[in-house]
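Hi,

Here is the structure I promised to pass on. Have a look at it first, and my notes on what I found follow below.

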Amino acid sequence: MQPPIIAPSVLNADFARLGQEAEAVLDAGGDWLHLDVMDHQFVPNLTVGPMVCRALRNYGVSAPIDVHLMVESVDPLIESFAKAGASGISFHPEAVRHLDRSINLVRESGCKVGLVLNPATPLALVEEVLPEIDMLLIMSVNPGFGGQAFIPYTLNKIERARKLIDALDRPVRLQVDGGIKVHNIAQVAAAGADTFVVGSEIFSSESYGDVIKQLKASATV
Ligand code: DX5
Ligand code: ZN
């Protein structure tokens, strides 16, 4: 198993101080910065676009920026985010018509390719293309908001995804996003996840460093 990666989601950060918040959470041990992009169509919420990704790079963020697109119109945003400094771009196959084409667009943009499945979406949707991607993200809440409760039935899908990934002959990260806390991360890691998006648990705490340390210790299986 690859060492666990903690990707703090800045969705619950103080957006008026986003640069400082990003720096603080990375200095505190966060490995990747997870940027939640919402268009008020695919999900009810509306967040940020490529300009904010560029602004974080210009501010000095050098860690990988893990862009999570929760949008209806995926393809036109791929190049914009790649040019704005994204390291990886994950999108929902539920939102695209030609999955193979969108995967190729991300790959050609120079970014790592991630696919995201909503809690109720079956793994079968990505089975054919698993060998073509760098990361599979299983949503453990309905996308749109931080601070929601982890949906327990997704653990079973994480276990099955782990088996599919282990059968491949290339490394594909298995990321989980939504409701990850110090108290449940061990269970999610035991199910097979190796990359963890954590938002409110970090940003509502007094010490980002203490929480990230606890998350990493518990996620190491
Ligand atoms: C939800 C987002 C998540 C969210 C995670 O749509 O994709 O990245 O910010 O936040 P928590 O950890 O609070 O569930
Ligand atoms: Zn996310």
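Let me start with a question: which residues in H2 meet which residues in H3? On the H2 side they are Pro 50, Cys 53 and Arg 54, and their counterparts in H3 are Leu 77, Ser 80, Phe 81 and Lys 83. Sorted by class, the residues of this contact are four nonpolar, one polar and two charged. Please keep in mind throughout that this is a predicted model.

**The helices**

Helix H2 covers residues 50-59 and helix H3 covers residues 75-83; their axes come within 8 Å and cross at roughly 15 degrees. An angle under 35 degrees counts as roughly parallel, and H2 and H3 are therefore roughly parallel to each other. The crossing of H2 past H3 is right-handed.

H2 also packs against helix H1, residues 18-27. Here the axes come within 10 Å, with a crossing angle of roughly 65 degrees. This crossing, too, is right-handed. From H1, the contact draws on Leu 18, Gly 19, Gln 20, Ala 22 and Glu 23, while H2 brings Val 52, Leu 56 and Tyr 59. The classes in the contact of H1 with H2 are five nonpolar, two polar and one charged.

**The sheet**

Next, the strands. Eight of them form an open sheet with parallel pairing, in the order S1-S8-S7-S6-S5-S4-S3-S2. Strand S1 (5-8) and S2 are at the edges with a single partner strand each, so one side of each has no neighbour in the sheet. On average, neighbouring strands of this sheet are turned by 25 degrees against each other, direction ignored.

Going through some of the pairs:

- Strand S2 (residues 33-38) runs parallel to S3 and is joined to S3 by six bridges; Leu 33 stands opposite Ile 65 in S3.
- Strand S4 (residues 88-91) and S5 also run parallel, with four bridges between them; Ile 89 has Val 113 of S5 opposite.
- Strand S6 (residues 135-139) pairs with strand S7 (residues 173-177) in the parallel sense over five bridges; the bridge partner of Leu 136 in S7 is Leu 174.

How many residues of strand S3 are buried? Six of the six in S3 (residues 65-70) are, so the strand is largely enclosed by the rest of the structure. In a regular strand, side chains alternate between the two faces of the sheet. In S3 both faces are covered: Ile 65, Val 67 and Leu 69 are buried on one side, and Asp 66, His 68 and Met 70 are buried on the other. Strand S5 (residues 112-117) has five of its six residues buried, so S5 is likewise largely enclosed by the rest of the structure.

**A residue to look at: Val 188**

Val 188 lies in helix H7, residues 185-191. Is Val 188 buried or exposed? Its relative accessible area is 1%, and buried means under 20%, so Val 188 is buried. Leaving aside neighbours within four places in sequence, Val 188 is in contact with Phe 150, Leu 155, Ile 158, Val 176, Ile 180, Ala 193 and Phe 196. As for Leu 155, it is 33 residues from Val 188 in sequence, and the two are 6.7 Å apart in space, C-alpha to C-alpha.

Technical notes
Residues numbered from 1 in each chain as written. Chains lettered and ligands numbered in written order. Predicted model: local features only at pLDDT ≥ 70, side-chain atom pairs only at ≥ 80, totals over all residues. Heavy atoms only, no water. Axes fitted to C-alpha atoms, helices over the stretch in contact; angles between N-to-C directions. Helix = DSSP H or I, 4+ residues; strand = E, 2+ residues; numbered from the N terminus. Parallel < 35°, antiparallel > 145°, perpendicular 65-115°, else oblique. Left-handed = near helix turned anticlockwise from the far one by under 90°. Contact = heavy atoms within 4.5 Å. Nonpolar A, V, L, I, M, F, W, Y, C, P; charged D, E, K, R; others polar. Buried < 20%, exposed > 50% of the residue type's maximum accessible area, 1.4 Å probe, protein only. Pairing = 2+ DSSP bridges.
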